[in-house]
Amino acid sequence: MALGLRCFRLVHPAFCNSLAALTRPVSEVTLKTVSGSRNNHGQYMAYPAVPVCHFATKKAKGSLDQITVVTADGKLALNQIGQISMKSPQLILVNMASFPECTAAAIKAIRESGMNLNPDVEGTLIRVPIPKVTREHREMLVKLAKQNTNKAKESLRKVRTNAMNKLKKSKDKASEDTLRLIEKQISQMADDTVAELERHLAVKTKELLG
């Protein structure tokens, strides 16, 4: 496998970032609840937003850490620009005193996080009430988790298709046997990642519904 991938890197080094997305642990893959995205190179990737592991019924301050906030300096994790703390089991506080200009963007990101949160603000202090967990809310979280998992699968399919198309254009740069080996490895990586996504969703669904 290593030989085939080394050959493919020599053929298309710029495409390795896309292939890396297929082998990242699913717990690190974050998914936006609206749509996927493609970067400037046309490579389809999972878009940073809320990980499936954050669809939880017991929210803690750590649930907000990796919410992505769009700022003038780019996309940053909420815990990079705000101090997150637990005021009580029912209330999370986000102190934006260090980056007050990002307060509005942070509120927007929290509201659009897919975690059913409705923050309010007092100056640079964002208050995030933790909603009561109902059966309806649990079912809504399961639905969102399924939607995000399907979007991740779609992103992976596009990466796989793009890789195969690149491979077809490389017939003059590698032997036929090497190209067949790489094609098989790309398919295997994609299939393994889809299986991991489905396993992770099953675990999360069981956790949410009890």
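# Pocket, helix and strands

Biologist: How much space lies in the second largest pocket?

Modeller: A pocket is an open set of points on a 1 Å grid over the protein atoms alone, where a 1.4 Å probe fits, with protein on both sides within 12 Å along at least five of seven lines. Points join across faces, edges and corners, and the volume is what probe spheres set on them fill. For the second largest pocket, that comes to about 160 Å³.

Biologist: Before we go on, what sort of model is this?

Modeller: Residues count from 1 along each chain as its sequence is written, and side-chain values use heavy atoms, leaving out hydrogens and water. Local features need pLDDT of at least 70, side-chain atom pairs count only at pLDDT 80 or more, and totals for chains, interfaces and linings use all residues, as the model is predicted.

Biologist: Which element gives the largest share of the lining of the second largest pocket?

Modeller: Lining residues have an atom within 4 Å of a point, and here they are Met-164, Leu-167, Lys-168, Lys-171, Glu-176, Leu-179, Arg-180 and Glu-183. Two helices (DSSP runs of H or I, at least four residues, numbered from the N terminus) each give two or more: H5 (135–168) and H6. The largest share, 4 residues, comes from H6.

Biologist: How many residues of that lining are charged?

Modeller: Asp, Glu, Lys and Arg count as charged; Ala, Val, Leu, Ile, Met, Phe, Trp, Tyr, Cys and Pro are nonpolar, and the others, Gly among them, polar. The lining has 3 nonpolar residues and no polar ones. The charged count is 5.

Biologist: Which residue takes a positive phi just after H6?

Modeller: The angle is about 75°. The residue that takes it is Gly-210.

Biologist: Which residue in S6 stands opposite Val-69?

Modeller: S5 (residues 68–71) and S6 (residues 74–77) pair antiparallel over 4 bridges. They make a hairpin with 2 residues between them. Opposite Val-69 stands Leu-76.

Note on methods. Two strands pair if DSSP finds at least two bridges between them.
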